[in-house]
Amino acid sequence: MSRLIVISNRVSAPKGQSGGSQGGLAVALAAALREYRGIWFGWSGGMTDHFTGHIDLQRHEGVTTATIDLEGQDVDEYYNGYANKTLWPLFHYRIDLAEYDRSFGSGYERVNERFAETVAPLIEPDDLVWVHDYHLIPLGQQLRQRGLKNRIGFFLHTPWPPARLLTALPFHQRLVRSMLAYDLIGFQTEEWLLSFRHYIEEELGGTVDPDGTVRVGDRTLRAAAFPIGVDYKDFADTAASQEAAEACATLQDSAELKKVIIGVDRLDYSKGIEERFNGYRRFLEENDNWRGNVTLLQIAPPSRGEVHAYEAIRERLDELSGRINGEFAHVDWVPIRYVNQGYGRAALAGFYRAADVALVTPLRDGMNLVAKEYVASQNPDDPGVLILSRFAGAAHQLREAIIINPYSKDELSDAIRSALEMPREERIRRWNALIESVKRDDVVAWRRDFVAALEGVKVAA
Ligand code: G6P
């Protein structure tokens, strides 16, 4: 069996069952690497005065990690700059927030070269190389320029924007052409694949066949959708653990038998938290019988705080949550519990289980694993209800959720009322359909399908 070399911006060593506030990508990859002999390479999150290419190799719970430090200028231009001020907003359809500065573009290329330079010597001829996410789009090309003939795949965890938005990016062709160095490109859904196809056809004059074969000039590669999932079994076991039970009891006791609605998101403008709060406010306005009888627990750990758009959304949410609470609260009840702290997996599983309703309402999201984790954590005899944005990749699969347009306060308000009042039989019927999808398209299926497709790629001799 070939080894698997996973390369992503962040590397997150496994932290055990209760482990830290790892993002969806981190959890999914740690689970994948446990089964394959291989290495997970990326940025340590740390900084150095002078980049030396020194690699810190470590082994935790069957996963070998190899990390490098970056210079402050790298972090500014590559991570805060091109990745999170330029590509992230653009890929989430927010060209109004996308900033471009030529130093971002050059920092992005420099860091991708630094990644290639340091990881290339660790790669053996038979290894499969799997590059992740928008931070590292040109890495495949950088590796090829260093002579690598391995099968190299790329998976994008975010949406891929429509061609008409992508062309607003300076040097967009340079970025997309660099992707042609991969043998396989994976997207979360057919929708993002279709946008990619349009770009290839309209901007590069290439073709994408129905079987996913991409042809541009003399380059041939494959593109396909591989919807990511959660480690269903691990999550269901975690939800049944003592720690989760305690978290569940803490939340239920503190809510004193009132209904609990939960939202869990990195504090990001793409998650639609502001629209969610406004929808909940509309619900409280329209349903005075529910005032005092329901609590919205919004967990939103801050993220990317050095980027202005993140500071701005944080300020708006501070104000809005305060205003709604001020408007509706009584001495013995607040409508929103707004928490800027992250929680480990076990505590989250417990909170999900205690919550009668989950609001997963991003304005645009590659997949959204919170939706799947919520489903995986439910008690089969008395499951909660998932309200899901039609703009999350997960909505293509979790069709028995209450699917809403997150821009509409009225739809949100109606969905919250239906969810809170939904009879148990209907909750069970919907949950049975949802859990089938979560089990079938779990993280094991995702990595198996992607790796099998990468192994199956024919490479020129
Ligand atoms: C999203 C991205 C990941 C990223 C994560 C956390 O899920 O797709 O690549 O790691 O957010 O963001 P951060 O900037 O903290 O790594």
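Visitor: How many Å separate the centres of domain 1 and domain 2?
Guide: This is a predicted model: local features need pLDDT of at least 70, side-chain atom pairs count only at pLDDT 80 or more, and totals for chains, interfaces and linings use all residues. Residues are numbered from 1 along each chain as its sequence is written. The protein chain splits into domain 1 (4-229 + 443-456) and domain 2 (232-440), with bounds from an automatic or database domain assignment. Taken over C-alpha atoms, the separation of their centres is 29 Å.

Visitor: Which helix gives the most to the side of domain 1 that touches domain 2?
Guide: Contact puts 24 residues of domain 1 against 27 of domain 2 (C-beta atoms, placed from the backbone, within 7 Å). Two elements give two or more residues to the domain 1 side: helix 1 (24-35) and helix 2 (72-91). Helices are DSSP runs of H or I, at least four residues; strands are runs of E, at least two; both are numbered from the N terminus. With 4 residues, the one that gives the most is helix 2.

Visitor: Is I416 buried or exposed?
Guide: I416 sits in helix 14 (residues 409-421). Buried takes 20 or more other C-beta atoms within 10 Å, exposed 12 or fewer, partly exposed lies in between, and C-beta atoms are placed from the backbone. I416 has 29 such atoms, so I416 is buried.

Visitor: Which residues is I416 in contact with, leaving aside its neighbours within four places in sequence?
Guide: S8 lies 408 residues away along the chain, and its C-alpha atom is 37 Å from that of I416. The contacts of I416 are I261, Y280, F283, V357 and I387.

Visitor: Which residue in the hairpin of strand 9 and strand 10 takes a positive phi?
Guide: Strand 9 (residues 213-216) runs antiparallel to strand 10 over 4 bridges; pairing needs at least two DSSP bridges. R215 bridges to T220 in strand 10. The hairpin has 2 residues between the strands. The one with a positive phi, near 60 degrees, is G217.

Terms used:
Two residues are in contact if their C-beta atoms, placed from the backbone, lie within 7 Å.
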